[in-house]
Amino acid sequence: MKKQIFIFAILLTCLVSCSDYVELTPERAMEVLTENFSETCEKVLVTATTDRNKKYKWIKGKADHLVSLDLIEINSKFYKGFGGGGHTKFYYKPTQKLQEEFGNGGKNYTVAESQVIEILGISQDEDAKTATVRFSYSLQPNVLYDFRGYINARRENCNMEVQEAEVAFILYDTGWQLKK
């Protein structure tokens, strides 16, 4: 009888240790993607404008908002016109805070960031303890989006349409993580 109990205990231990595979649920995939998936749109920002610009008031309003958030500084210079009058040119300078929060080390800044919308499908390989997750996401504009600049007189846009992507997950002893 002791021998049968011992064999049963060994079989039970083997079954438990051999079947420690944890299924990747759509909820867990969404949680990991929300925390770790990052797709951005980076663009140059408006660097200057004049009070003669048709969109001056709109640009100035956006600039004043960014100043209130300590993201840019505004410097201005008045240019005298011939026979009186003139115009003012406004220069926008990025702050250290803007560089730290939205900068990439160059002249481009993050103006939109990804937001995962839904999990479209999960394909799991139990033997390899991996999974491939297909999902949809879109870029969401941040506070800088309306302040992005112009290239060759055209405003640089980001693709804000719903997009699909695929990523690999791997099961660690701490749970499912994105494969790097």
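Contact, as the word is used here, means heavy atoms within 4.5 Å. In this predicted model, local features need pLDDT of at least 70 and side-chain atom pairs count only at pLDDT 80 or more, while totals for chains, interfaces and linings use all residues. Residues are numbered from 1 along each chain as its sequence is written, and side-chain values use heavy atoms, with hydrogens and water left out. The protein has four helices and 10 strands; these are DSSP runs numbered from the N terminus, helices being H or I of at least four residues and strands E of at least two.

**Overall composition**

- From the N terminus on, the elements follow the order α-α-β-β-α-β-β-α-β-β-β-β-β-β.
- Of the 180 residues in the protein, 31% are buried, where buried means under 20% relative accessible area, exposed over 50%, and partly exposed in between (1.4 Å probe, protein chains only).
- Among contacts between residues at least 6 apart in sequence, 66% join residues at least 24 apart.

- An open sheet of three strands is arranged in the order β2-β4-β3 with antiparallel pairing; two strands pair if DSSP finds at least two bridges between them.
- Its edge strands, each pairing on one side only, are β2 (48-50) and β3 (72-80).
- From one strand to the next, the twist averages 20°. Axes are lines fitted to C-alpha atoms, for helices over the stretch in contact, and angles run from 0 to 180 degrees between N-to-C directions.
- Three bridges link β2 to β4 (residues 86-94) in the antiparallel sense, and T49 has F90 in β4 as its bridge partner.
- Helix α3 (residues 56-68) lies across β2, β3 and β4 and runs at about 140° to β3.

**Strands β1, β5 and β6**

- Strand β1 (residues 40-43) runs antiparallel to β5 (residues 109-125), joined by four bridges; E42 stands opposite T110 in β5.
- Strand β6 (residues 130-141) is also antiparallel to β5, with 12 bridges between the two, and I119 stands opposite F135 in β6.
- The strands β5 and β6 form a hairpin with four residues between them.

**Residues with positive phi**

- K129, in the loop between β5 and β6, has a positive phi near 55° although the residue is other than glycine. K129 is partly exposed, at a relative accessible area of 29%.
- D70, in the loop between α3 and β3, has a positive phi of about 60° and is not a glycine. D70 is partly exposed, with a relative accessible area of 43%.

**The largest pocket**

- The largest pocket has a volume of about 170 Å³, and the residues lining it include V44, I72, Y92, K107 and F147.
- Strand β4 gives the most to this lining, with three residues.
- On a 1 Å grid over the protein atoms alone, a pocket is an open set of points where a 1.4 Å probe fits, with protein on both sides within 12 Å along at least five of seven lines; lining residues have an atom within 4 Å of a point. Grid points are joined across faces, edges and corners, and a volume is the space filled by probe spheres set on the points.

**K179**

- K179 is placed in the segment after β10 (175-178) and is partly exposed, with a relative accessible area of 49%.
- Leaving aside neighbours within four places in sequence, K179 is in contact with A168, F169 and I170.
- K179 and A168 are 11 residues apart in sequence, and their C-alpha atoms are 5.4 Å apart in space.
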